[in-house]
Amino acid sequence: MAKLYFRYGAMNSGKTTNLLQVAYNYEERDQFVVIIKADIDKKGGNKIVARVSMEREVDYLIKPEDDIIKILKPRFDNLNCILVDEAQFLTEEQVFELFVIAKKYDIPVIAYGLRTDFKTNAFPGSLALFRLADEFEEAPTICRCGEKARFNARIINGKFVSDGNQVAIDEMDEVHYESLCGKCYLEKVMNYDMEEKNNYENLTDTELNSIVDEINKIIKKRKG
């Protein structure tokens, strides 16, 4: 029985590059792949674009109301793998459809996407993938300080921001992203005084995640 895979990581962790490599590997062996991505991701238009100057046109742009099974079913007979770029933008129902494709139609599905947004909140598509995927793999990347980066910091007009809509596409409308470790996220995005709050250097990412969640709750309470 085929599996549903979720390969996740922060921005700039090479997810799209890996997707393109997987597609190449299948096709080099005369097997057929389909590449899809959520229509909401306007970067690259109908292409997926890796940061290492690689790109490829997708087979289908998926809108929130689309039924993935219905769209892809005519190709199921000779399809060896489905590759999904920016999977965090899919709906929960669409992720379930990918799960059905893997289990009922025995076609492997490899979904690539972000774990959380710039506020550390999970995307609906990512949450569904963590519930349904058979296997998970984190794509590593590093922060400017050299530590492992797991957080996506949003930059608008050169400044880190901690407020805004969940979806804002990279390199559009002066929006950019930078991958940060937990400590740098607290310092640069949350303006947390790391010197005053001593001993935070030794905290794990899980402990830092908890601190960020508490800060977000305080911010929401003040605004509410």
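## Tour of the cores and rings

Select Phe6: its relative accessibility is 0%, so Phe6 counts as buried (buried is under 20% relative accessible area, exposed over 50%, partly exposed in between; 1.4 Å probe, protein chains only). This is a predicted model, where local features need pLDDT of at least 70, side-chain atom pairs count only at pLDDT 80 or more, and totals for chains, interfaces and linings use all residues. Residues are numbered from 1 along each chain as its sequence is written, and side-chain values use heavy atoms, without hydrogens or water.

**Stop 1: the whole chain.** Switch to cartoon. Of the 224 residues, 43% count as buried.

**Stop 2: the largest nonpolar core.** Select Ile36, Ile82, Val84, Leu98 and Ile101. Of the 34 residues in this core, these touch the most other members. Such a core is a set of buried Ala, Val, Leu, Ile, Met, Phe, Trp, Tyr and Cys residues joined through side-chain atoms within 4.5 Å. Elements giving two or more residues to this core include β1 (4-8), β6 (81-85) and α3 (92-104). Helix α3 gives the largest share, five residues.

Centre on Ile82. Beyond neighbours within four places in sequence, Ile82 is in contact with residues including Val34, Leu72, Ile107 and Ile110; contact means heavy atoms within 4.5 Å.

Then look for a second, separate core of 15 residues, with Ala153, Cys181, Leu186 and Val189 among them.

**Stop 3: helix α3.** Pick Phe96 and Phe99. They are three residues apart in α3, so about one helical turn separates them. Phe96 is partly exposed at 44% relative accessibility. Phe99 is partly exposed too, with a relative accessible area of 23%.

**Stop 4: a charge over a ring.** Finish at Arg154. It lies over the face of Phe118, 3.7 Å from the ring centre. The criterion is NZ of Lys or CZ of Arg within 6 Å of the ring centre and within 35 degrees of the ring normal.

How values were computed:
Helices (H or I, at least four residues) and strands (E, at least two) are DSSP runs, numbered from the N terminus.
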